[in-house]
Amino acid sequence: MAILEIEELRTGYGEIEVLWSVSLQVEDKGITALLGSNGAGKTTMLNCITGLQKAWSGKIRFAGNDITKIKTSERVNLGISMIPEGRGIFAEMTVLENLMMGAYTKKAREKMMDSFEQVYELFPVLKERPNQRAGTLSGGEQQMLATARALMSRPKLLICDEISTGLSPRLTMLMMGTLAKLAEENLPVFLIEQHVKKALDISDKAYVMENGKIIMEGNGEELRKNEKLRKAYMGI
């Protein structure tokens, strides 16, 4: 069953079309990945889902509700939370202040103490540094903070945009493992990623986007074995 449904979505910038009647579904459990190189249209797709980019045509449904035209803040209230590419933390604020910023909906504020317990269990280093300025954290620690902040909103769907950007292979594996753990705990994850092999290793279902169109889809194991995909995106 799908928690997020994209149906014949078209959009672009000015007169330039970027997404060409894209359809996909994000399952209500596990990890669904959208894969492709830079410029494939992944970020534009994400901006449509979060309300930052207006759809020309098509539908976006979340938990059965048509959200195509509603505001970004309303989508957050429904339970969509995002870890943005580049982390997007508030560098001048402390770790604790960043986390509290994530819990700004009424429901999230009511469950804030439970949320702190969850994110500190996932990332103990954040518990040790509540008063440290976020901008002074290492790149990996900042990614942990961005992930924790997104979880503070008590999401029904976690969207991750290029979570491996700027991370070492070891930290990338750590973050991918964290996403897998969250999915096992019944939080569906939509992973937007250009590192195809790493994403497929943890994905239950995946789509491959190229030039604003979905060119391939299947479960993680099927796509890992796909010769065309291996040659084009994995170099093997």
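Contact here means heavy atoms within 4.5 Å, and buried means under 20% relative accessible area, exposed over 50%, with partly exposed in between (1.4 Å probe, protein chains only). Helices are DSSP runs (H or I, at least four residues), numbered from the N terminus.

This is a predicted model, in which local features need pLDDT of at least 70 and side-chain atom pairs count only at pLDDT 80 or more, while totals for chains, interfaces and linings use all residues. Residues are numbered from 1 along each chain as its sequence is written, and side-chain values use heavy atoms, with hydrogens and water left out.

Next, select residues 112-122, helix α5, where M112, S115, F116, V119, Y120 and L122 are buried. They lie on the same side of α5 because they cover an arc of only 155 degrees around the axis, the arc being that of the directions from the helix axis to the C-beta atoms.

Then display the largest nonpolar core, of 49 residues. Such a core is a set of buried Ala, Val, Leu, Ile, Met, Phe, Trp, Tyr and Cys residues joined through side-chain atoms within 4.5 Å. Its largest share, seven residues, comes from α8. L179 is among the residues with the most contacts inside the core. Leaving aside neighbours within four places in sequence, L179 is in contact with I31, L158, C160, I163, V189, L191 and I202.

Note on methods. Helix = DSSP H or I, 4+ residues; strand = E, 2+ residues; numbered from the N terminus.
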